[in-house]
Amino acid sequence: MEDRTELNTLGEFGLIERIASQQSFTHPLTVQGIGDDAAVIDGGKEYLLVSTELLAEGVHFDLSYVPLKHLGYKAVVAGISDILAMNGTPRQLTVGIAVSNRFSIEAIDTLYAGIYAACKEYEVELVGGDTTSSRAGLVLSVTAIGGVEKSKIVYRKGASAHDIICVSGDLGGAYLGLQVLEREKRVFLDDPENQPVLAGHEYVLERQLKPEARVDIIRQLRDLGIVPTSMIDISDGLASDLRQLAKASGLGVRVFEEQIPIHQKSYLTATELKLGPFTAALNGGEDYELLFTIKQEDYQKILDHTTDISFIGFVSPDPEEALFITKQNEAIPLAAQGWERTDTE
Ligand code: ADP
Ligand code: MG
């Protein structure tokens, strides 16, 4: 009998590593294979960037509260964000869909209205894809294609000890928005007469349902003549993506609770839901902000010319170190959860 090993013994990252280990990258034009936000291909004058996102109904989205137009928009944003995370410019997309006859033509039009709205916003063109039927829900796949000047490419690796860790925007909102939607779904299922109460949570709902990719940050850095030393986009949550960044450079990280950017509206929603705002920021994900490191000499330039970038910590020379320093000056391993008391906030 053939051996059978359960998938959950590996986890997502373990599975990707296993897939990657089954080949070595030898094609002369493959510059970066599996393992970064996008693959990097030598395109002659510049590097070409390619990244795929796959979204499955019931896993990544719930159509009982996610409008199809928003789903289309968000899928494109997720793809574009990975191109930006390489310091690149997104240009084209391909989109694959698997749909069942549960969906009408109008529903698919609405999905594509969202996809095209994002194409317009980010100046990218839908150039291809694939369409097939599905027996188990909607599946949506977006492949984003872009380019970057060779000397300006930024990988997950490349940070040096004492580089400053930066993050754009604010964190945790997307996760908190999801919690509001899940709560209202439960209330509705308990009694369909109940109307959802979404008022007051507009900010986090927008963060969840209509995130934006930070093309503005990439432009600002370019205008300032700053090339980050390493970069990743925050799709899994700050803690996980910080560990990925540190691991890629073979270094550690030290970040400070006080410096983590959280929107006032996110605090309010977190308080109402009795959730920790910092736990949401660290472990929530889907914020599509950019997490990057800069040389100390670039710090002042960013401080003087931009407002939407926070300095949250330092790269540490010790690869074993991945620490979160609380406001009480306690050092907690980044992997740890549950230090945050919600009853006192
Ligand atoms: P991101 O969150 O930036 O989209 P992922 O964690 O999804 O990145 O993927 C990490 C890396 O693994 C990327 O380089 C991606 O292309 C690669 N990858 C993910 N799934 C597969 C797969 N099934 N086969 C080959 N490469 C994969
Ligand atoms: Mg990414």
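Modeller: Start with K74, which sits in helix α2 (residues 68-84). Helices here are DSSP runs of H or I, at least four residues, and strands are runs of E, at least two, numbered from the N terminus. This is a predicted model: local features need pLDDT of at least 70, side-chain atom pairs count only at pLDDT 80 or more, and totals for chains, interfaces and linings use all residues. Residues are numbered from 1 along each chain as its sequence is written, chains are lettered from A and ligands numbered from 1 in the order in which they are written, and side-chain values use heavy atoms, with hydrogens and water left out.

Biologist: Why does K74 count as buried?

Modeller: Buried means under 20% relative accessible area, exposed over 50%, and partly exposed in between (1.4 Å probe, protein chains only). K74 has 11% relative accessibility, so K74 counts as buried.

Biologist: What does K74 touch?

Modeller: Not counting residues up to four places away in sequence, K74 touches Q208, P211, E286 and Y288. Contact means heavy atoms within 4.5 Å.

Biologist: Why is Y122 called buried?

Modeller: Y122 is in helix α3. Its relative accessibility is 8%, so Y122 counts as buried. Beyond four places in sequence, the residues Y122 touches include Y73, V77, I80 and E212.

Biologist: Why does D170 have no salt bridge?

Modeller: D170 lies in the loop between β7 (164-168) and α4 (173-190). A salt bridge is a side-chain nitrogen of Lys or Arg within 4 Å of a carboxyl oxygen of Asp or Glu. The nearest side chain of opposite charge to D170, R207, is 4.1 Å away. The side chains of D170 and Y203 make a polar contact of 2.6 Å.

Biologist: Why does strand β5 lie largely in the open?

Modeller: Strand β5 covers residues 125-133; of its nine residues the number buried is zero, so β5 lies largely in the open.

Biologist: How do you know that β4 and β5 pair?

Modeller: Two strands pair if DSSP finds at least two bridges between them. Eight bridges join β4 (residues 89-99) to β5, and the two run parallel.

Key
Lys and Arg count as positive and Asp and Glu as negative; His and the chain ends are not counted. A polar contact is a pair of N or O atoms within 3.5 Å; within protein, one must be able to donate a hydrogen and the other to accept it, and residues adjacent in sequence count only if both atoms are side-chain atoms.
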